[in-house]
Amino acid sequence: MFVAAVLLSTISAVSSLAAGAKYKVAVIGGGPSGSCAAEALAKNPNIECVLFERKMDNAKPCGGAIPVCMIEEFSLPSAIIDRKVRKMKLISPTNREVDIGQTLLPNEYIGMTRREVLDGYLRDRAISLGATPINALVTEVKAPPAGSEGKYEINYFAADNSKTVMEVDYVIGADGANSRVAKAIDAGEYNYAIAFQERIKVSDEKMKFYEELAEMYVGDDVSPDFYGWGFPKYDHVGVGTGTVVNRPAIKQYQKAMRDRCAAKIEGGKIIKVEAHPIPEHMRARRVVGRAALVGDAAGYVTKCSGEGIYFAAKSGRMAGQAVSKVVSQTGKLPTQAQMIQEYIKPYDQLYGPTYTVLDILQKVFYTSNSAREAFVELCRSEYVQRVTFNSYLYKKVQGNNPFEDVKLLFETIGSLFRGNAFSTPDAPYSNPVESLKRL
């Protein structure tokens, strides 16, 4: 009887919806989070999905690293992977080097992508499934009064510079750190980092060094609270850094990055300079009314590693699937409570531990040169490498060997003492006004 009742209810809901117009859902932002949300929505015959993107060839400043699990989970073709990184060189403030990656299996790697290629593929796939692309700059999103059944109003400048307004039933904000959707629903402010990257074209001979290798540099010269990177792409190297606590000095830190890896990029030509804000933590409210935030707009970037691509794509897919599921089952758009139950809670359950662990690691190891030296030393451990890579590659917190975990604790304490003995003190900095800015 119960099953029959549910079935009849679902059939009734769908048939009543089919008698009227489709629900119109706007996805603002065509990066991985927006494209994956649009793909999930486009598969539902009762939803009309429109996908807004300001630049269809947009190349977001980003290291471009994705875990191997994302390739299969999101059915990504090998053609979008520029390099398969199987080795990582970690360089300490005193230029001690540790090579990591010895625990990787032959089929395991970190995929290096260019965002214009990855984003374009995901966006085109969503469009091929039925999402309607709109090449436009969204300038404002107006939410209806709380509790009302009114429409959301999307104000935008189209590609021909004409000002247009569109009304929609539901909004998914995938519009990055400066999210206009977040502002419209009063999602709350967050602190943010500035990521700065230069794409440097080097000779074929120099590129051989980066065949399957990426580099990470730590030290207060390249960032007082993060790391610098040298990530290989198909014909160039992405050299960059980021910081939250001293954003005005980002160009100074970038120069230090170029200096640190000077021998490896000697003779290279800078072909593109990129900078972008990156969220430091999740927003206080990620679902309000009939609007949901995903990707950077929601604050889904991990500390310590600074990873955001996988979590953007995953959150977009989960939010899109949640809206689609409720529409299919009830014939109605999801309420705020339903979206929290179907999207927010499952997401937090899956990835909350990862955010927590990486937050702790950043606070322990990225705050002083002595701690950074200790971090590099610890990465010599095969156990640390295995746990680190497995956690990254498969998006599950690893480390379930009590003996090794206790041993690691004592090694960490010892490394911190040794790092403190020979490291140089961090250079002081002060930006009391700018550091208070929030997005």
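**Notebook: core, sheet and selected residues**

I began with Ile 154 and listed its contacts beyond four places in sequence: Ala 26, Ile 28, Phe 52, Val 138, Glu 140, Val 141, Thr 164, Val 165, Met 166, Val 168 and Val 171. I note at the outset that the model is predicted.

**Entry 1: nonpolar cores.** I next looked up the largest nonpolar core, which has 99 residues. Within it, Phe 52, Ile 154 and Tyr 343 touch the most other members.

Entry 2: I traced an open sheet of eight strands with mixed pairing, in the order E10-E9-E8-E2-E1-E11-E18-E17. The edges are strand E10 (163–168) and strand E17 (287–288), each of which pairs on one side only. I checked how H9 meets the sheet: the helix packs on it and touches strand E1 (23–28), strand E2 (47–53) and strand E11 (170–173). The direction of H9 makes about 165 degrees with that of E11.

I then examined two strand pairs. Strand E9 (residues 152–158) runs antiparallel to E10, and six bridges join the two. In this pair, I located Asn 155 opposite Val 165 of E10. E1 and E2, by contrast, pair in the parallel sense, over six bridges. Here Ile 28 stands opposite Phe 52 in E2.

**Entry 3: helix H4.** I took the span of helix H4 (residues 115–128), which has 14 residues. From first C-alpha to last, H4 reaches 19 Å, close to the 20 Å expected at 1.5 Å a residue. Which residues of H4 are buried? I listed Arg 115, Leu 118, Asp 119, Gly 120, Leu 122, Arg 123, Arg 125 and Ala 126. Their cover includes helix H2 (32–42), E2, strand E3 (65–67) and H9. Just after H4, I found Gly 130 with a positive phi of about 125 degrees.

**Entry 4: cysteines.** How many disulfides does the structure hold? I found zero. For Cys 62, the nearest cysteine sulfur is that of Cys 36, 14 Å away. Cys 62 counts as buried because its relative accessibility is 18%, against a cut-off of under 20%. For Cys 261, the nearest cysteine sulfur is that of Cys 62, 18 Å away. Cys 261 also counts as buried, at 2% relative accessibility.

**Entry 5: positive phi outside glycine.** I noted Asp 186, whose phi is near 55 degrees. This residue is in the loop between helix H5 (180–184) and strand E12 (192–201). Is Asp 186 buried or exposed? Its relative accessible area is 54%, so I recorded Asp 186 as exposed. I also noted Cys 304, with phi near 70 degrees. Cys 304 lies in the loop between strand E18 (291–293) and H9. With a relative accessible area of 9%, Cys 304 is buried.

How values were computed: Residues are numbered from 1 along each chain as its sequence is written. This is a predicted model: local features need pLDDT of at least 70, side-chain atom pairs count only at pLDDT 80 or more; totals for chains, interfaces and linings use all residues. Side-chain values use heavy atoms; hydrogens and water are left out. A nonpolar core is a set of buried Ala, Val, Leu, Ile, Met, Phe, Trp, Tyr and Cys residues joined through side-chain atoms within 4.5 Å. Buried means under 20% relative accessible area, exposed over 50%, partly exposed in between (1.4 Å probe, protein chains only). Contact means heavy atoms within 4.5 Å. Two strands pair if DSSP finds at least two bridges between them. Helices (H or I, at least four residues) and strands (E, at least two) are DSSP runs, numbered from the N terminus. Axes are lines fitted to C-alpha atoms, for helices over the stretch in contact, and angles run from 0 to 180 degrees between N-to-C directions. A disulfide is a pair of cysteine sulfur atoms within 2.5 Å. The expected span of a helix is 1.5 Å times one less than its number of residues.
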